[in-house]
Amino acid sequence: MKAAVIAVFIAIALALQTTLARYLTPGANLVDLVFVAVVYIALTGGPVAGLVAGAIAGLAQDALAATGISVISIAAGVATARSIVGVGGLAKTVVGFVTGIIGTQFIVARPIPRALVFFTATVGHAIIFLGLYTVLDPGYGATPYGTIASQAGANALTGVLLFQIGESLPGFVDRRRSMGGGMRINRRDY
């Protein structure tokens, strides 16, 4: 995937996320659309695309939240902490890269394996994100395990739906093959 296509995809997800956040009650950010976009790009484009998408998405979200004191919402749980630019970028970059590797090494073509990847990627992102905030800001609150699990489930459902919608579009498989997409099986012809 080209960096420009990744940036546009992330920008659309970021615009949707910020637009929907206005109409929801504070702390009701159950689905992280930007993170779902990062994992989707990583699974379809490979580890380098996941790394680039994670870096762009994480730094964009960090820049939007960099006001000195920020409200960090993970699913329905909300905590107030000093905003540290780069923590979200690092977490999304690592998860995007690892998810891209998983997508190229394992067959992740059915809904249940995809849901499992989205779920574990969300949990991994939360571990990195909250772990870094706990180390950097000792006054950071308790870890909301239930809200992490609910967000992981919502992200998994949203990610699987995104794949189903993308694959139902006419000519999706043919376009992916012609662009050299990451979802292919290497076969040897003898």
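One term before we start: a residue is buried if its relative accessible area is under 20%, exposed if that area is over 50%, and partly exposed in between, using a 1.4 Å probe and protein chains only. This is a predicted model, in which local features need pLDDT of at least 70 and side-chain atom pairs count only at pLDDT 80 or more, while totals for chains, interfaces and linings use all residues. Residues are numbered from 1 along each chain as its sequence is written, and side-chain values use heavy atoms, with hydrogens and water left out.

**The whole chain**

Begin with a cartoon view. The chain has 7 helices and 2 strands, where helices (H or I, at least four residues) and strands (E, at least two) are DSSP runs numbered from the N terminus. Along the sequence they follow the pattern α-α-α-β-β-α-α-α-α. Of the 190 residues in the chain, 39% are buried. Contact here means heavy atoms within 4.5 Å. Taking contacts between residues at least 6 apart in sequence, 75% join residues at least 24 apart.

**Select 47-65: helix α3**

Helix α3 has 19 residues and reaches 26 Å from its first C-alpha to its last, close to the 27 Å expected at 1.5 Å a residue. The expected span is 1.5 Å times one less than the number of residues. Show the side chains of Ala 49, Gly 50, Ala 53, Gly 54, Ala 57, Gly 58, Gln 61 and Asp 62, which are buried in α3. What do the buried residues of α3 pack against? Their partners are α1 (3-23), α2 and α4.

Helices α1 and α3 pack at an angle of about 40 degrees, with their axes 10 Å apart. Axes are lines fitted to C-alpha atoms, for helices over the stretch in contact, and angles run from 0 to 180 degrees between N-to-C directions. The crossing of α1 and α3 is right-handed; a crossing is right-handed if the near helix is turned clockwise from the far one by less than a right angle, and left-handed if anticlockwise. From α1, the contact is made by Ile 6, Ala 7, Ile 10, Leu 14 and Thr 18, and from α3 by Ala 49, Val 52, Ala 53, Ile 56, Ala 57, Ala 60, Gln 61 and Leu 64. These residues divide into 11 nonpolar, 2 polar and no charged. In this scheme Ala, Val, Leu, Ile, Met, Phe, Trp, Tyr, Cys and Pro count as nonpolar, Asp, Glu, Lys and Arg as charged, and the others, Gly among them, as polar.

**Select 33-45 and 87-105: α2 on α4**

Helices α2 and α4 pack at an angle of about 35 degrees, with their axes 7 Å apart, and their crossing is right-handed. Val 34, Phe 35, Val 38, Val 39, Ala 42 and Leu 43 of α2 meet Lys 92, Val 95, Gly 96, Thr 99, Gly 100 and Gly 103 of α4. The residues of this contact divide into 7 nonpolar, 4 polar and 1 charged.

Centre on Lys 92, in helix α4. Is Lys 92 buried or exposed? At 3% relative accessibility, Lys 92 counts as buried. Leaving out residues up to four places away in sequence, Lys 92 touches Asp 32, Val 34, Phe 35, Val 38, Gly 54, Ala 57, Gly 58, Gln 61 and His 125.

**Select 111-136: helix α5**

The 26 residues of α5 should span 38 Å at 1.5 Å a residue, and the end C-alpha atoms are 37 Å apart, which agrees. Buried residues of α5 include Arg 114, Phe 118, His 125, Phe 129 and Tyr 133. For a contrast, click on Ile 127, also in α5, which counts as exposed at 58% relative accessibility. Thr 120 of α5 is partly exposed at 44%.

**Finish with the rings**

Rings of Phe, Tyr and Trp (its six-membered ring) pair if their centres lie within 6.5 Å; planes under 30 degrees apart count as stacked, over 60 as edge-to-face and the rest as tilted. By this rule the count comes to 4 aromatic pairs. The rings of Phe 129 and Tyr 133 have centres 5.1 Å apart and planes at 55 degrees, so this pair is tilted. Phe 129 and Tyr 133 sit 4 residues apart in α5, about one turn of the helix. Last, select Phe 9, Tyr 40, Phe 118 and Phe 163, which form one aromatic cluster.
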